[in-house]
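Please keep the viewer open while you read.

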Amino acid sequence: MRRVAVLVGLTVLAACGERSEAPSPAPIPGPVEAPLQATERPASATLEAVRRRGRLNCGVHEGLVGFAYTDNRGRWRGFDVDFCRATAAAVLGDPDAVRFVPLTAGQRFEALSTGRIDVLWRNTSWTMDRDVRGRVEFAGVNYYDGQGFLARRALELAGATDLNGARICVQAGSTSQDNLADWFRARGLTYTAVVADSENQAREMYAREACDAFTADVSALAAARTTLASPRDHVILPNVISKEALGPVVREDDATWTEIVRWTLNALILAEELGVTQANVAELAETSADPQVRRLLGGQGEFGSSLGLRDSWARDAIAAGGNYGEIFARHLGPDSPLDLARGLNAQWNARPAGLMYALPIR
(Lines give C-alpha, C1' and ligand atoms only; values in the text may rest on other atoms or scores of the structure.)
Protein backbone atom coordinates (compact mmCIF):
# COMPACT_ATOMS: atom_id res chain seq x y z
CA MET A 1 0.00 0.00 0.00
CA ARG A 2 2.83 2.35 0.89
CA ARG A 3 4.41 1.69 -2.55
CA VAL A 4 1.13 2.40 -4.32
CA ALA A 5 0.76 5.67 -2.42
CA VAL A 6 4.25 6.75 -3.41
CA LEU A 7 3.59 5.99 -7.08
CA VAL A 8 0.32 7.90 -6.97
CA GLY A 9 2.11 10.85 -5.36
CA LEU A 10 4.81 10.84 -8.01
CA THR A 11 2.18 10.68 -10.73
CA VAL A 12 0.36 13.65 -9.26
CA LEU A 13 3.60 15.63 -9.00
CA ALA A 14 4.48 14.80 -12.61
CA ALA A 15 1.06 15.87 -13.77
CA CYS A 16 1.43 19.11 -11.86
CA GLY A 17 4.80 19.63 -13.52
CA GLU A 18 3.26 19.19 -16.98
CA ARG A 19 0.55 21.75 -16.29
CA SER A 20 2.94 24.46 -15.01
CA GLU A 21 4.82 26.58 -17.59
CA ALA A 22 8.06 28.41 -17.08
CA PRO A 23 7.54 32.16 -17.11
CA SER A 24 8.46 33.84 -20.44
CA PRO A 25 11.61 35.95 -20.28
CA ALA A 26 10.92 39.64 -19.94
CA PRO A 27 11.29 41.43 -23.29
CA ILE A 28 14.48 43.42 -23.67
CA PRO A 29 13.53 47.05 -24.07
CA GLY A 30 14.69 48.55 -27.37
CA PRO A 31 15.92 52.08 -27.94
CA VAL A 32 13.20 54.68 -27.88
CA GLU A 33 13.50 57.11 -30.79
CA ALA A 34 12.91 60.58 -29.48
CA PRO A 35 11.29 63.02 -31.88
CA LEU A 36 13.59 65.61 -33.41
CA GLN A 37 13.47 68.85 -31.49
CA ALA A 38 13.63 72.13 -33.34
CA THR A 39 16.84 73.92 -32.51
CA GLU A 40 17.95 77.40 -33.33
CA ARG A 41 20.30 77.47 -36.30
CA PRO A 42 23.74 78.95 -35.67
CA ALA A 43 24.16 82.40 -37.16
CA SER A 44 25.76 82.41 -40.60
CA ALA A 45 28.58 84.91 -40.95
CA THR A 46 28.38 84.56 -44.73
CA LEU A 47 24.64 85.24 -44.82
CA GLU A 48 25.08 88.29 -42.60
CA ALA A 49 27.88 89.59 -44.84
CA VAL A 50 25.80 89.08 -48.01
CA ARG A 51 22.86 90.95 -46.49
CA ARG A 52 25.04 93.74 -45.18
CA ARG A 53 26.60 94.46 -48.58
CA GLY A 54 23.32 93.80 -50.44
CA ARG A 55 24.76 91.40 -53.00
CA LEU A 56 26.14 87.91 -53.46
CA ASN A 57 29.76 87.52 -54.59
CA CYS A 58 29.69 84.47 -56.86
CA GLY A 59 32.80 82.84 -58.32
CA VAL A 60 32.41 81.64 -61.92
CA HIS A 61 34.50 80.47 -64.86
CA GLU A 62 36.31 83.27 -66.64
CA GLY A 63 34.74 82.25 -69.94
CA LEU A 64 33.15 78.90 -70.82
CA VAL A 65 30.34 78.85 -73.36
CA GLY A 66 27.19 77.37 -71.89
CA PHE A 67 28.37 77.64 -68.28
CA ALA A 68 29.65 81.17 -67.65
CA TYR A 69 30.45 83.86 -70.20
CA THR A 70 29.58 87.47 -71.05
CA ASP A 71 27.44 88.31 -74.07
CA ASN A 72 28.08 91.21 -76.46
CA ARG A 73 26.40 93.56 -73.96
CA GLY A 74 28.66 92.46 -71.13
CA ARG A 75 25.91 90.56 -69.29
CA TRP A 76 26.86 87.28 -67.65
CA ARG A 77 25.04 84.23 -68.97
CA GLY A 78 25.24 80.45 -68.58
CA PHE A 79 24.25 77.39 -66.58
CA ASP A 80 26.34 78.22 -63.51
CA VAL A 81 25.46 81.90 -63.79
CA ASP A 82 21.77 81.07 -63.45
CA PHE A 83 22.48 79.13 -60.27
CA CYS A 84 24.28 82.19 -58.90
CA ARG A 85 21.19 84.28 -59.65
CA ALA A 86 18.89 81.69 -58.07
CA THR A 87 21.02 81.79 -54.91
CA ALA A 88 20.84 85.57 -54.79
CA ALA A 89 17.07 85.42 -55.26
CA ALA A 90 16.71 82.90 -52.42
CA VAL A 91 18.85 84.96 -50.05
CA LEU A 92 18.09 88.56 -51.06
CA GLY A 93 14.90 88.28 -53.11
CA ASP A 94 16.71 89.80 -56.11
CA PRO A 95 18.36 87.64 -58.80
CA ASP A 96 20.33 90.62 -60.08
CA ALA A 97 21.98 91.29 -56.71
CA VAL A 98 25.08 89.38 -57.79
CA ARG A 99 28.68 90.37 -58.39
CA PHE A 100 30.23 87.80 -60.72
CA VAL A 101 33.90 87.12 -60.01
CA PRO A 102 35.65 85.35 -62.92
CA LEU A 103 38.29 82.90 -61.65
CA THR A 104 40.85 80.54 -63.12
CA ALA A 105 41.13 76.99 -61.78
CA GLY A 106 44.18 78.04 -59.80
CA GLN A 107 42.42 81.02 -58.20
CA ARG A 108 39.07 79.53 -57.25
CA PHE A 109 39.77 77.91 -53.87
CA GLU A 110 41.93 80.77 -52.60
CA ALA A 111 39.18 83.24 -53.56
CA LEU A 112 36.77 81.18 -51.47
CA SER A 113 39.02 80.72 -48.44
CA THR A 114 39.95 84.42 -48.27
CA GLY A 115 36.32 85.56 -48.46
CA ARG A 116 36.63 87.18 -51.86
CA ILE A 117 33.59 85.14 -52.93
CA ASP A 118 30.67 83.68 -50.95
CA VAL A 119 30.07 80.66 -53.16
CA LEU A 120 31.83 79.03 -56.09
CA TRP A 121 29.59 77.93 -58.97
CA ARG A 122 32.37 77.01 -61.41
CA ASN A 123 32.33 73.48 -62.92
CA THR A 124 34.40 72.15 -60.00
CA SER A 125 34.81 68.40 -59.47
CA TRP A 126 33.93 66.94 -56.07
CA THR A 127 36.88 64.76 -55.00
CA MET A 128 37.89 63.27 -51.66
CA ASP A 129 41.10 65.30 -51.46
CA ARG A 130 39.28 68.58 -52.00
CA ASP A 131 36.48 67.65 -49.63
CA VAL A 132 38.65 66.33 -46.79
CA ARG A 133 41.80 68.42 -46.97
CA GLY A 134 40.76 71.47 -48.93
CA ARG A 135 38.94 73.27 -46.08
CA VAL A 136 35.89 73.61 -48.34
CA GLU A 137 32.45 72.03 -48.44
CA PHE A 138 30.62 70.78 -51.54
CA ALA A 139 26.94 71.65 -51.23
CA GLY A 140 25.66 69.26 -53.91
CA VAL A 141 25.96 68.27 -57.57
CA ASN A 142 24.43 70.34 -60.35
CA TYR A 143 26.10 68.54 -63.26
CA TYR A 144 27.38 64.99 -63.70
CA ASP A 145 30.24 64.97 -66.19
CA GLY A 146 33.24 62.92 -67.24
CA GLN A 147 36.56 63.53 -68.93
CA GLY A 148 36.95 62.98 -72.66
CA PHE A 149 39.03 63.93 -75.69
CA LEU A 150 38.48 66.38 -78.56
CA ALA A 151 40.34 65.58 -81.79
CA ARG A 152 40.31 66.50 -85.46
CA ARG A 153 37.88 64.45 -87.51
CA ALA A 154 40.52 64.11 -90.24
CA LEU A 155 42.63 61.90 -87.93
CA GLU A 156 39.87 59.25 -88.12
CA LEU A 157 40.40 58.08 -84.53
CA ALA A 158 38.13 55.25 -83.39
CA GLY A 159 38.73 55.95 -79.71
CA ALA A 160 41.13 57.20 -77.09
CA THR A 161 43.49 54.22 -77.40
CA ASP A 162 44.34 55.51 -80.90
CA LEU A 163 45.99 58.48 -79.15
CA ASN A 164 48.98 56.32 -78.20
CA GLY A 165 52.05 58.51 -78.73
CA ALA A 166 49.97 61.65 -79.37
CA ARG A 167 50.44 65.20 -78.06
CA ILE A 168 47.57 66.07 -75.74
CA CYS A 169 46.71 69.55 -74.47
CA VAL A 170 45.66 69.64 -70.82
CA GLN A 171 45.22 72.30 -68.16
CA ALA A 172 47.80 72.39 -65.36
CA GLY A 173 46.66 71.74 -61.81
CA SER A 174 43.34 70.20 -62.86
CA THR A 175 41.84 66.79 -62.17
CA SER A 176 42.06 66.32 -65.95
CA GLN A 177 45.86 66.30 -65.77
CA ASP A 178 45.88 63.55 -63.12
CA ASN A 179 43.17 61.49 -64.84
CA LEU A 180 45.07 61.66 -68.13
CA ALA A 181 48.24 60.28 -66.53
CA ASP A 182 46.32 57.52 -64.72
CA TRP A 183 44.41 56.38 -67.80
CA PHE A 184 47.45 56.11 -70.10
CA ARG A 185 49.61 54.48 -67.42
CA ALA A 186 46.97 51.85 -66.65
CA ARG A 187 46.91 50.82 -70.33
CA GLY A 188 50.63 50.94 -71.00
CA LEU A 189 50.20 53.74 -73.53
CA THR A 190 52.38 56.81 -74.02
CA TYR A 191 51.59 60.44 -74.72
CA THR A 192 53.18 63.86 -74.55
CA ALA A 193 51.39 66.31 -72.27
CA VAL A 194 51.20 69.83 -73.68
CA VAL A 195 50.42 71.66 -70.45
CA ALA A 196 48.57 74.99 -70.46
CA ASP A 197 48.16 77.46 -67.61
CA SER A 198 44.42 77.78 -68.17
CA GLU A 199 41.58 76.08 -70.00
CA ASN A 200 41.40 79.00 -72.45
CA GLN A 201 45.07 78.60 -73.26
CA ALA A 202 44.62 74.85 -73.77
CA ARG A 203 41.80 75.53 -76.25
CA GLU A 204 43.94 78.08 -78.10
CA MET A 205 46.88 75.66 -78.29
CA TYR A 206 44.62 72.96 -79.71
CA ALA A 207 43.16 75.41 -82.23
CA ARG A 208 46.59 76.27 -83.61
CA GLU A 209 47.52 72.56 -83.76
CA ALA A 210 50.11 72.66 -80.99
CA CYS A 211 48.67 69.28 -79.95
CA ASP A 212 46.75 66.42 -81.55
CA ALA A 213 43.94 66.30 -78.98
CA PHE A 214 42.52 68.32 -76.12
CA THR A 215 41.32 66.65 -72.91
CA ALA A 216 38.88 68.09 -70.36
CA ASP A 217 35.37 67.44 -69.10
CA VAL A 218 33.08 66.51 -71.99
CA SER A 219 30.93 69.60 -71.36
CA ALA A 220 34.03 71.81 -71.61
CA LEU A 221 35.03 70.07 -74.84
CA ALA A 222 31.56 70.71 -76.29
CA ALA A 223 31.96 74.38 -75.35
CA ALA A 224 35.47 74.52 -76.83
CA ARG A 225 34.27 73.04 -80.12
CA THR A 226 31.77 75.90 -80.59
CA THR A 227 34.65 78.41 -80.52
CA LEU A 228 36.66 76.74 -83.30
CA ALA A 229 36.63 78.06 -86.86
CA SER A 230 34.97 74.88 -88.23
CA PRO A 231 33.28 73.02 -85.35
CA ARG A 232 32.17 70.14 -87.59
CA ASP A 233 35.79 69.34 -88.32
CA HIS A 234 36.30 68.21 -84.72
CA VAL A 235 34.86 65.25 -82.84
CA ILE A 236 34.56 64.26 -79.18
CA LEU A 237 35.83 60.69 -78.92
CA PRO A 238 33.42 58.13 -77.40
CA ASN A 239 35.62 57.29 -74.39
CA VAL A 240 34.80 58.86 -71.02
CA ILE A 241 37.74 58.18 -68.71
CA SER A 242 36.55 59.58 -65.37
CA LYS A 243 33.59 60.53 -63.20
CA GLU A 244 33.30 64.26 -62.54
CA ALA A 245 30.51 65.37 -60.21
CA LEU A 246 30.43 69.16 -60.52
CA GLY A 247 28.77 71.40 -57.99
CA PRO A 248 28.79 74.48 -55.78
CA VAL A 249 31.53 74.94 -53.19
CA VAL A 250 31.50 76.99 -49.98
CA ARG A 251 33.79 77.42 -46.97
CA GLU A 252 33.63 74.56 -44.48
CA ASP A 253 33.24 76.79 -41.41
CA ASP A 254 29.67 77.97 -42.06
CA ALA A 255 27.21 75.07 -41.83
CA THR A 256 24.11 77.23 -42.16
CA TRP A 257 25.37 78.84 -45.36
CA THR A 258 26.18 75.38 -46.76
CA GLU A 259 22.56 74.37 -46.10
CA ILE A 260 21.23 77.49 -47.84
CA VAL A 261 23.22 76.75 -51.01
CA ARG A 262 22.42 73.00 -50.85
CA TRP A 263 18.67 73.50 -50.48
CA THR A 264 18.51 76.21 -53.14
CA LEU A 265 19.99 73.72 -55.62
CA ASN A 266 17.67 71.00 -54.35
CA ALA A 267 14.63 73.28 -54.69
CA LEU A 268 15.35 73.81 -58.40
CA ILE A 269 15.69 70.05 -58.96
CA LEU A 270 12.51 69.35 -57.01
CA ALA A 271 10.64 72.05 -58.94
CA GLU A 272 11.30 70.23 -62.21
CA GLU A 273 10.08 66.94 -60.74
CA LEU A 274 6.87 68.58 -59.49
CA GLY A 275 6.22 70.54 -62.71
CA VAL A 276 6.84 73.96 -61.16
CA THR A 277 8.25 76.33 -63.79
CA GLN A 278 9.25 79.96 -64.08
CA ALA A 279 5.95 80.62 -65.86
CA ASN A 280 3.60 78.94 -63.38
CA VAL A 281 5.40 79.34 -60.03
CA ALA A 282 3.38 82.40 -58.95
CA GLU A 283 0.06 80.76 -59.84
CA LEU A 284 0.90 77.45 -58.14
CA ALA A 285 2.01 79.29 -55.00
CA GLU A 286 -1.58 80.56 -54.72
CA THR A 287 -3.64 77.67 -56.05
CA SER A 288 -1.84 74.32 -55.68
CA ALA A 289 -3.35 71.81 -53.27
CA ASP A 290 -0.38 69.43 -53.59
CA PRO A 291 1.37 69.34 -50.18
CA GLN A 292 4.79 68.88 -51.83
CA VAL A 293 4.29 71.96 -53.98
CA ARG A 294 2.93 73.95 -51.06
CA ARG A 295 5.94 73.11 -48.89
CA LEU A 296 8.31 73.98 -51.74
CA LEU A 297 6.68 77.34 -52.44
CA GLY A 298 6.20 78.46 -48.84
CA GLY A 299 2.47 77.82 -48.48
CA GLN A 300 2.91 75.15 -45.83
CA GLY A 301 5.47 74.79 -43.05
CA GLU A 302 8.23 77.20 -42.09
CA PHE A 303 11.12 75.83 -44.09
CA GLY A 304 12.46 79.22 -45.11
CA SER A 305 12.72 80.44 -41.54
CA SER A 306 14.58 77.24 -40.60
CA LEU A 307 17.32 78.46 -42.97
CA GLY A 308 17.11 82.05 -41.79
CA LEU A 309 15.35 83.05 -45.04
CA ARG A 310 11.89 84.17 -46.11
CA ASP A 311 9.31 81.43 -46.62
CA SER A 312 9.26 82.44 -50.31
CA TRP A 313 12.97 81.62 -50.75
CA ALA A 314 12.42 78.67 -53.12
CA ARG A 315 9.63 80.44 -55.01
CA ASP A 316 11.96 83.38 -55.61
CA ALA A 317 14.80 81.09 -56.73
CA ILE A 318 12.56 79.34 -59.28
CA ALA A 319 11.14 82.64 -60.54
CA ALA A 320 14.68 83.90 -61.18
CA GLY A 321 15.43 81.53 -64.06
CA GLY A 322 13.19 78.49 -63.91
CA ASN A 323 13.64 74.98 -62.58
CA TYR A 324 16.67 72.76 -63.15
CA GLY A 325 15.37 71.43 -66.46
CA GLU A 326 14.66 74.91 -67.81
CA ILE A 327 18.16 76.10 -66.90
CA PHE A 328 19.72 73.02 -68.52
CA ALA A 329 17.69 73.35 -71.71
CA ARG A 330 18.43 77.05 -72.09
CA HIS A 331 22.21 76.77 -71.83
CA LEU A 332 23.26 73.17 -72.51
CA GLY A 333 20.42 71.25 -74.20
CA PRO A 334 19.72 70.36 -77.85
CA ASP A 335 18.45 73.87 -78.63
CA SER A 336 21.64 75.48 -77.29
CA PRO A 337 25.01 75.80 -79.06
CA LEU A 338 26.39 72.94 -76.92
CA ASP A 339 23.64 70.49 -77.99
CA LEU A 340 24.13 68.19 -74.97
CA ALA A 341 21.67 65.44 -74.07
CA ARG A 342 20.45 65.25 -70.47
CA GLY A 343 22.09 61.84 -70.00
CA LEU A 344 23.13 61.38 -66.37
CA ASN A 345 21.64 64.79 -65.62
CA ALA A 346 18.10 63.65 -66.33
CA GLN A 347 15.66 63.25 -63.45
CA TRP A 348 15.74 59.92 -61.62
CA ASN A 349 12.24 59.07 -62.88
CA ALA A 350 12.80 60.12 -66.50
CA ARG A 351 12.96 57.64 -69.40
CA PRO A 352 15.83 57.01 -69.70
CA ALA A 353 16.57 57.73 -66.05
CA GLY A 354 19.37 59.96 -64.86
CA LEU A 355 20.99 60.72 -61.50
CA MET A 356 19.15 63.93 -60.59
CA TYR A 357 17.18 63.15 -57.45
CA ALA A 358 15.46 65.77 -55.32
CA LEU A 359 15.58 65.43 -51.55
CA PRO A 360 12.21 65.92 -49.86
CA ILE A 361 11.27 69.24 -48.33
CA ARG A 362 9.24 68.18 -45.29
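## Disulfides, a sheet and a helix pair

Across the whole structure, a search turns up 2 disulfides, a disulfide being a pair of cysteine sulfur atoms within 2.5 Å. Please bear in mind that this is a predicted model, in which local features need pLDDT of at least 70 and side-chain atom pairs count only at pLDDT 80 or more, while totals for chains, interfaces and linings use all residues. Residues are numbered from 1 along each chain as its sequence is written, and side-chain values use heavy atoms, with hydrogens and water left out.

| Disulfide | S to S | Torsion about the S-S bond |
|---|---|---|
| Cys58 to Cys84 | 2.0 Å | about -65° |
| Cys169 to Cys211 | 2.0 Å | about -110° |

The torsion of about -65° makes the bond between Cys58 and Cys84 left-handed. Cys58 belongs to strand β1 (residues 56-61) and Cys84 to helix α3 (residues 79-92), so this pair ties together parts that are 26 residues apart in sequence. Helices (H or I, at least four residues) and strands (E, at least two) are DSSP runs, numbered from the N terminus. Cys58 has 0% relative accessibility and counts as buried; Cys84, at 0% relative accessibility, is buried too. Buried here means under 20% relative accessible area, exposed over 50%, and partly exposed in between, with a 1.4 Å probe and protein chains only.

With a torsion of about -110°, the disulfide of Cys169 and Cys211 is left-handed as well. Cys169 sits in strand β9 (residues 166-171), while Cys211 is in the loop between α7 (199-207) and β11 (213-217), so the two tie together parts that are 42 residues apart in sequence. Both Cys169 and Cys211 are buried. If you number the bonded cysteines of the chain in sequence order, the pairing reads 1-2, 3-4.

Cys169 also leads us into the sheet, where it stands opposite Phe214 in β11. Strands β9 and β11 run parallel and are joined by 2 bridges; two strands pair if DSSP finds at least two bridges between them. They belong to an open sheet of 5 strands, ordered β10-β9-β11-β8-β12 with mixed pairing. Its edge strands, each pairing on one side only, are β10 (191-196) and β12 (234-236). From one strand to the next, the twist averages 30°.

How many residues of β8 are buried? The count is 6 of its 6 residues, so the strand is mostly covered. Gln147, Phe149 and Ala151 point one way from β8, with Gly148, Leu150 and Arg152 pointing the other way. β8 runs antiparallel to β11, with 5 bridges joining them, and Gly148 stands opposite Ala216 in β11. The pairing of β8 with β12 is antiparallel too, over 3 bridges, and there Leu150 stands opposite Ile236. Helix α8 (residues 218-226) lies across β8 (147-152), β11 and β12, at about 130° to β11. Such axes are lines fitted to C-alpha atoms, for helices over the stretch in contact, and angles run from 0 to 180 degrees between N-to-C directions.

Finally, the helix pair. The axes of α9 (residues 255-274) and α14 (residues 324-331) come within 6 Å and cross at roughly 95°. The two helices are therefore roughly perpendicular to each other, a label for angles of 65 to 115 degrees. Leu268, Ile269 and Glu272 in α9 meet Tyr324, Gly325 and Ile327 in α14, where contact means heavy atoms within 4.5 Å.

Technical notes
Parallel < 35°, antiparallel > 145°, perpendicular 65-115°, else oblique.
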